[in-house]
Amino acid sequence: MRRNHGCEIGGEMGRKVTARGAATPNKAEGHCFIAFLETRLATSPPKQKGLRTRERLKISTARLLQDKGYLALKVSEITKTAGVAEGSFYMYFSDKTDATRTVLEEFLNEFLPAIMRPGTPRSLFRSICETNRRWIALARANDGLFRCLLQFGDSDAAFAALVQAGNRDWYERVLRSLPDQAEPRPGTRLLLIYLLGAMMDDLIRKLIVYPDEHFRTLLDSIGATDEDVADAASVIWMRALHGTLPAGAELSPVVKAMTMILDARSGGVPALQAGREG
């Protein structure tokens, strides 16, 4: 699952925004894709009735995917939820797979990148933290759709290939954003980026998509919030790709404790080095 990570650092999922000539996601409006679709239809409806009907079917599909998942999705439920005759569905989509692909590609290609577009953070480290926090918030608000990205990729090889191609592009952009540095073996930095991306994917799965109760119990026991989890992952990204954190980096007690463990494991070399945050 790729995302634009400020200075090109983070997880996966999503590609460039496609211009539609319609409203685009606004971070201030929240992280829910369904709410965005509903607001867009209400405030910037297509002029043609057929296009408005198609948007209603998309919203209905997105809502059912969020609530029930792809495997349980039925055309009859899509049309009932949208208030559209079942026969009308086939004027716009060939089947539930076509409707699902349309919704998930817009979620993947347009909504996620627009929400994750970097702002102007105080530092590189803060950019990584803020983007990881938004990524977890997006997963929280769209947990069913995140789950459907995995489900649909398992059943549709073309969609899975599309996601993988986007992921490869993102990994290579992360690599290009890093300072030039000699590698002991060609390709090792790209491998490191793949491994860090896999860490973020598994984190989202265990935390939200397919909740791991033991993991959640652990987080509760140490008082770790979603923000703490995001910042802890950001420390690992920063240490792996840039060596140190800026002096004065704002860390919660949970994240600071983890950073101390990393310092001890690295032979006492502190993570917080020169170059204050700000």
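**Buried side of H8**

I looked up which residues of H8 are buried in this predicted model. They are Phe159, Ala160, Val163, Gly166, Asn167, Trp170, Tyr171 and Val174. I then viewed H8 down its axis. The buried residues fall within an arc of 140°, so they line one face of the helix. I checked the other side of H8 too: Ala157, Ala158 and Arg176 are exposed there.

**Length and start of H8**

H8 runs over residues 157-177, which makes 21 residues. I took the span from first C-alpha to last and got 30 Å, close to the 30 Å expected at 1.5 Å a residue. At the N-terminal end I found a cap, Asp156. One of its side-chain oxygens lies 3.2 Å from the backbone nitrogen of Ala158.

**What covers H8**

Next I asked what covers the buried residues of H8. The cover includes helices H5 (96-116), H7 (143-155), H9 (188-209) and H11 (226-242).

I followed up H5. Its axis and that of H8 come within 12 Å and cross at roughly 0°. Angles under 35 degrees count as roughly parallel, and H5 and H8 are therefore roughly parallel to each other. On the H5 side, Leu104, Glu105 and Leu108 make the contact. From H8 come Phe159, Leu162 and Val163. Phe159 and Val163 are also on my list of buried residues.

**Leu51**

Last, I looked at Leu51, which sits in helix H2 (residues 49-68). Is Leu51 buried, exposed or partly exposed? Its relative accessible area is 40%, so Leu51 is partly exposed. I also noted its separation from Tyr92: 41 residues in sequence, but 9.0 Å in space, C-alpha to C-alpha.

How values were computed
Residues numbered from 1 in each chain as written. Predicted model: local features only at pLDDT ≥ 70, side-chain atom pairs only at ≥ 80, totals over all residues. Heavy atoms only, no water. Helix = DSSP H or I, 4+ residues; strand = E, 2+ residues; numbered from the N terminus. Expected span 1.5 Å × (residues − 1). Buried < 20%, exposed > 50% of the residue type's maximum accessible area, 1.4 Å probe, protein only. Arc of directions from axis to C-beta. Contact = heavy atoms within 4.5 Å. Polar contact = N/O pair within 3.5 Å; in protein donor to acceptor, adjacent residues only side chain to side chain. Axes fitted to C-alpha atoms, helices over the stretch in contact; angles between N-to-C directions. Parallel < 35°, antiparallel > 145°, perpendicular 65-115°, else oblique.
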